[in-house]
Amino acid sequence: MTTLQTAFEKARADKRAALVGYLPAGFPTKDGAVAAATAMVEAGCDVIEIGLPYSDPLMDGPTIQDAVHRALSNGTRIADVMRTVEAVARSGAAVLVMTYWNPIDRYGAERFARDLANAGGRGTITPDLTPEEAGPWCELSAAANIDTVFLVAPSSPDERIQAVADCCTGFVYAASLMGVTGARASVGAAAEGLVARTRAHTGLPVCVGLGVGTGAQAAEVAGYADGVIVGSAFIRRLLDAPDEASGLKAVRELAAELAAGVRG
Amino acid sequence: MTIAEGTLITAAGLAGNGPAGDDPDARGRFGVFGGRFVPEALIPALDEVAKVYAEAKSDPAFLAEFDHLLRTYAGRPTTLTDVRRFSERAGGARVILKREDLTHTGAHKINNVLGQALLTKRLGKTRVIAETGAGQHGVATATACALLGLECVIYMGEVDCERQSLNVARMKLLGASVVPVGNGSRTLKDAINEAFRDWVTNVETTHYLFGTVAGPHPFPEIVRDFARIIGVEARRQMLELTGRLPDAVAAAVGGGSNAIGIFHAFLGDQDVALHGYEAAGHGVDSGEHALTLTEGSIGVLHGSRTYVLQDDEGQTIESHSISAGLDYPGVGPEHAWLKDTGRATYHGVTDDEAMEAFSLLARTEGIIPAIESAHALAGTLKLGRELGPEATILVNLSGRGDKDMGTAMKYFDL
Ligand SMILES: Cc1ncc(COP(=O)(O)O)c(C=O)c1O
């Protein structure tokens with residue numbers, strides 16, 4: 001099965017950036033999320049982040065809030081997240097779970113790491129867990145052989161970047177701008193500089209997320225980062241589609257456009 | 001530094017002068033509670049607030065300015081009122097109110113707000129955002145921003161905008177923009193989410209003027225320090241009025257700022273019992289309540305490890321209370337710590353019990369309390385009957401009830 005390491009190695013061998021797609025479990029339905037994420041892989045995503053729907057997504061913009069709200073209304077639970085990971089992992093991508101900290105904390109961190117590994121998940125991205133609080137989670141993840149990805153932001157001074165990078169395995173997530181998730185007209189101007197500053201502190205791949213939604217933006221980011229992360233734009237396609245089949249088609253088209261983008 | 005005669009705020013009055021260990025550790029922890037669970041993007045801003053606050057609290061010029069505003073603008077010190085007729089219904093125990101309802105803008109929230117508004121200036125920021133439930137924190141924030149010439153944006157759940165519409169109008173009149181929040185439970189918790197989203201986007205120009213002792217470090221410490229004047233004054237006034245300390249101190253607990261504000265100066269007085277009253281809404285068994293400390297479990301909400309109303313997978317359970325200011329599924333981490341150490345005790349008061357106490361205080365004393373404060377009064381009626389006529393109970397009357405007339409008209413069919 002593909003790991004984060006092999007996914008990035010493959011992209012590097014192809015002389016391109018990796019494409020990372022995000023979708024919450026349970027959106028638009030439990031099965032619909034598996035179908036959409038699988039389509040994203042088939043059309044070119046190397047890595048998939050499965051979002052764990054949470055009631056208080058305070059770093060997400062309206063698009064992801066909307067999707068997560070629907071997923072929770074569908075009765076999506078952590079077992080469904082694990083099932084989604086398992087199904088999507090079969091498609092050949094490296095699959096991560098992106099989640100706020102409280103659901104892991106409540107589920108039991110050790111149990112979560114074990115269940116995720118058993119489902120074929122390769123790691124987690126935890127946007128509200130900072131180095132000061134991350135120690136125990138990093139140890140449990142290492143024991144379960146899953147990666148831990150944390151975020152740096154344009155506001156991060158060098159010593160924070162160092163502290164965050166020291167906790168990361170797999171890759172470092174660079175937030176392109178100060179703000180919440182959501183597609184934007186342009187990628188933050190601070191992103192390139194942040195990637196350069198992050199590289200000074202780590203040999204891990206550095207991926208850029210927040211605000212990326214088009215092939216042209218993916219190409220731009222692929223010019224300086226190891227990976228391009230896209231979430232809200234995929235969700236937008238599904239939200240705007242009149243039915244599931246056209247939603248899947250739109251998601252596939254976007255993934256293909258982005259996959260062409262990361263190839264420059 | 002010499003303290004001018006009659007000065008309210010001293011350096012010792014801002015920093016905790018209670019027993020050792022009542023300030024959070026370097027990570028912002030009270031025992032296992034507190035800390036910071038926020039996007040990395042906000043960490044530098046929180047560090048900056050903590051650093052600037054640490055300098056400010058030992059800067060005589062800052063303390064003098066805060067003192068001056070509390071005295072000449074907020075109307076401090078607030079008086080104590082011995083409520084003899086109300087006491088008859090509390091088993092004859094002597095009930096004494098600390099009258100935060102008499103402050104400018106009508107609730108204890110003004111104390112924290114003036115402190116943090118001065119801090120905003122010191123941070124060099126020009127824009128202030130805040131969440132509000134009952135609207136009292138929003139009104140206080142809009143007021144301080146008008147006074148100090150700061151731009152002000154208030155996030156408020158749609159449900160709360162409706163039940164506290166008078167306060168929405170007040171904020172607008174004071175020049176603030178009020179943004180109704182229509183997602184989630186459309187109450188305080190969602191207003192906080194939205195304020196955090198604004199903050200992470202606009203942090204360069206903006207201070208998040210957090211309204212209670214919850215949230216990521218250093219907010220629980222800063223808000224407490226600015227609110228603890230309530231207890232510092234009350235402790236001295238109780239000694240003057242009764243010659244001794246009270247047997248118990250009672251306060252309502254939403255996020256916990258008015259309760260910490262009055263408890264904190266008494267933490268070292270082991271003979272003074274501390275009682276916090278949460279909103280039991282329609283009752284514990286109804287599932288419609290805000291009993292975070294008494295029924296919740298330990299988790300992370302809004303950047304802090306504390307007691308939370310949550311399901312078995314960590315999803316926040318929506319709270320319910322007739323009082324917007326107590327309608328919150330989290331609570332400040334210092335209260336979680338005071339509960340676990342046994343220093344304070346927390347109880348529930350239902351909507352009906354609170355409304356009965358609300359009307360009782362109005363009819364026996366001519367004081368219309370905020371419905372939030374009415375929870376502390378209802379708790380005091382029970383506590384007084386337990387403690388008996390020898391006991392003295394100090395109650396934080398955290399606010400006045402003007403804002404609650406719409407709710408009262410509906411509830412009592414007035
Ligand atoms: C008068 C009054 N009391 C109490 C509260 C509850 O907040 P806290 O628990 O932070 O004091 C509020 C909140 O709006 C309030 O307006």
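Which residues of α12(A) are buried? In this predicted model, where local features need pLDDT of at least 70, side-chain atom pairs count only at pLDDT 80 or more, and totals for chains, interfaces and linings use all residues, residues are numbered from 1 along each chain as its sequence is written. Chains are lettered from A and ligands numbered from 1 in the order in which they are written, and side-chain values use heavy atoms, with hydrogens and water left out.

The buried residues of α12(A) are G247(A), A250(A), V251(A), L254(A), A255(A), L258(A), A259(A), G261(A) and V262(A). Buried means under 20% relative accessible area, exposed over 50%, and partly exposed in between (1.4 Å probe, protein chains only). Helices (H or I, at least four residues) and strands (E, at least two) are DSSP runs, numbered from the N terminus. The buried residues of α12(A) pack against β1 (18-24), α2 (30-42), α10 (215-222), β9 (227-230) and α11 (232-240) of chain A.

Helix α12 of chain A covers residues 244-262, and its 19 residues should span 27 Å at 1.5 Å a residue; the end C-alpha atoms are 27 Å apart, which agrees. The expected span is 1.5 Å times one less than the number of residues. At the start of α12(A), a side-chain oxygen of D243(A) comes within 3.2 Å of the backbone nitrogen of A245(A). Just after α12(A), G264(A) has a positive phi of about 80°.

The next topic is the interface between the chains. Contact, meaning heavy atoms within 4.5 Å, involves 38 residues from chain A and 34 residues from chain B. Chain A and chain B bury about 3000 Å² between them, 46% of it on carbon and sulfur atoms. Buried area is the accessible area (1.4 Å probe) that two parts lose on being put together, summed over both. Of the area that chain A buries against chain B, 23% comes from L58(A), R106(A) and E133(A), more than from any other three residues.

Seven salt bridges cross the interface of chain A and chain B. A salt bridge is a side-chain nitrogen of Lys or Arg within 4 Å of a carboxyl oxygen of Asp or Glu. R160(A) forms a salt bridge with E40(B), with the closest N and O atoms 2.7 Å apart.

Over all chains the count is 49 salt bridges. In chain A, a network of salt bridges links K10(A), D14(A), R16(A) and D46(A). In chain B, R236(B) pairs with E240(B) in a salt bridge whose closest N and O atoms are 3.7 Å apart. R236(B) and E240(B) are separated by about one helical turn because they lie four residues apart in helix α11 (residues 229-242) of chain B. R236(B) is partly exposed at 40% relative accessibility, whereas E240(B) is exposed, with a relative accessible area of 58%.

K403(B) forms a salt bridge with E372(B), the closest N and O atoms being 2.7 Å apart. This pair links distant parts of the chain, 31 residues apart: K403(B) is in the loop between β14 (392-397) and α17 (405-412) of chain B, and E372(B) is in helix α16 (residues 371-387) of chain B. K403(B) counts as buried at 5% relative accessibility, and E372(B) is buried with a relative accessible area of 8%. K403(B) also meets D404(B) in a salt bridge (2.9 Å, N to O), and both K403(B) and D404(B) are buried.

Conventions: A polar contact is a pair of N or O atoms within 3.5 Å; within protein, one must be able to donate a hydrogen and the other to accept it, and residues adjacent in sequence count only if both atoms are side-chain atoms.
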